[in-house]
Amino acid sequence: MTADTLTDVFEEHRPVLMGVAYRMLGRVADAEDVVQDAWLRWSRSDRGEVREPRGYLVRITTRLAVDRFRQIQARGETYVGPWLPEPYVTDFAATAPDTAERAELADSVSLAVLVVLESLSPLERAVFVLREAFGYPHAEIAAMLDRGEAAVRQLAGRARRHVDERRPRYEVDPAQRRDLTERFLAAAAEGDLEGLMSLLAPDVRLVSDGGGKATAALRVIVTPAKVGRFLLGVARKEGAGMSLRFLEINGGLAVLLLAEGEPDSVLQLDVADGLVRTVHIIRNPDKLRSLADL
């Protein structure tokens with residue numbers, strides 16, 4: 001292959017590689033580093049032995065992501081307050097015209113699922129991502145991870161049970177989510193506690209991630225009254241001069257809040273049965289850097 005062909009082949013598969021790395025790590029910067037390392041391996045490899053570039057590149061990326069995930073776990077860093085993944089801008093409506101396929105892709109990269117994936121072992125997470133998000137058969141995953149197929153099947157079953165037991169399952173109507181999000185924002189901006197509480201499910205949870213670097217609740221907040229009061233307090237204190245943009249984050253509608261044109265927060269609601277079940281707020285500035293140029 002010529003240098004131009006090498007680059008073209010890699011760029012063709014970059015979105016898939018980024019999708020694998022991000023689902024493995026939940027961190028955009030780390031995922032980008034892994035993909036860059038995969039490019040370096042690809043550019044130096046003996047391509048005469050590469051029969052199928054996509055499979056080869058996914059294998060490299062997966063192994064690098066497993067190593068990176070192990071390094072993150074080994075550091076054992078204490079995170080201040082609840083942890084949420086770094087927001088990842090997606091556009092599944094354009095890349096997956098089939099509604100069922102789009103829903104599966106969105107689910108596999110949702111904030112709720114990525115939080116659960118943090119508790120898996122690196123190999124369990126790799127198997128889950130390759131199997132559930134990208135549909136690779138067990139035999140191919142075994143070859144990618146240099147494991148036996150029987151072992152991979154066990155890892156897949158264990159990971160699937162773990163995720164199914166812990167993740168919430170919401171059938172999300174995009175139009176309903178948009179409507180509720182707009183009503184939610186209006187009630188918060190108007191200081192309408194009663195109106196805000198009417199949108200919240202009885203078991204609503206608010207999870208805010210400031211990472212110790214931005215104002216956020218240090219624990220998950222529950223009950224409509226407590227969630228509503230917290231949100232109105234934030235709106236009164238932080239809301240002046242804010243602008244907002246709607247965009248697709250992690251497969252679903254989200255709101256990017258900007259202060260003087262700079263990313264301040266990402267807000268995303270999990271919705272079911274016409275009510276808000278979970279409020280996700282990401283304020284850690286380290287996690288918002290990738291959104292600065294949008």
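**From values to terms**

Q: Why is Gly-19 called buried?
A: In this predicted model, Gly-19 has a relative accessibility of 4%, and since buried means under 20%, Gly-19 counts as buried. The residue is found in helix H1, and, leaving aside residues up to four places away in sequence, Gly-19 touches Tyr-88 and Phe-134. Gly-19 and Pro-174, in turn, are 155 residues apart in sequence and 22 Å apart in space, C-alpha to C-alpha.

Q: What makes H7 roughly perpendicular to H9?
A: The two helices, H7 and H9, pack at an angle of about 85 degrees, with their axes 8 Å apart. Because angles of 65 to 115 degrees count as roughly perpendicular, H7 is roughly perpendicular to H9. On the H7 side the contact is made by Leu-123, Glu-124, Val-127, Phe-128 and Glu-132, while the residues of H9 that take part include Val-152, Leu-155 and Ala-156.

Q: How do you know that the span of H3 is close to the expected one?
A: H3 has 23 residues and reaches 33 Å from its first C-alpha to its last, and the expected span, taken at 1.5 Å a residue, is 33 Å. At the start of H3, a side-chain oxygen of Glu-52 comes to within 3.2 Å of the backbone nitrogen of Arg-54, and after the helix comes Gly-76, whose phi is positive, near 55 degrees.

Q: Which residues touch the most other members of the largest nonpolar core, and which helix gives the most to this core?
A: Among the 55 residues of the largest nonpolar core, Met-24, Trp-42 and Leu-117 touch the most other members. Several helices supply at least two residues each, including H2 (28–44) and H6 (111–117), and H1 gives the most, with eleven residues. Another core, of 22 residues, lies apart from it and has Leu-180, Ala-217, Ile-221 and Leu-267 among its members.

Key:
Residues are numbered from 1 along each chain as its sequence is written. This is a predicted model: local features need pLDDT of at least 70, side-chain atom pairs count only at pLDDT 80 or more; totals for chains, interfaces and linings use all residues. Side-chain values use heavy atoms; hydrogens and water are left out. A nonpolar core is a set of buried Ala, Val, Leu, Ile, Met, Phe, Trp, Tyr and Cys residues joined through side-chain atoms within 4.5 Å. Buried means under 20% relative accessible area, exposed over 50%, partly exposed in between (1.4 Å probe, protein chains only). Helices (H or I, at least four residues) and strands (E, at least two) are DSSP runs, numbered from the N terminus. The expected span of a helix is 1.5 Å times one less than its number of residues. A polar contact is a pair of N or O atoms within 3.5 Å; within protein, one must be able to donate a hydrogen and the other to accept it, and residues adjacent in sequence count only if both atoms are side-chain atoms. Axes are lines fitted to C-alpha atoms, for helices over the stretch in contact, and angles run from 0 to 180 degrees between N-to-C directions. Angles under 35 degrees count as roughly parallel, over 145 as roughly antiparallel, 65 to 115 as roughly perpendicular and the rest as oblique. Contact means heavy atoms within 4.5 Å.
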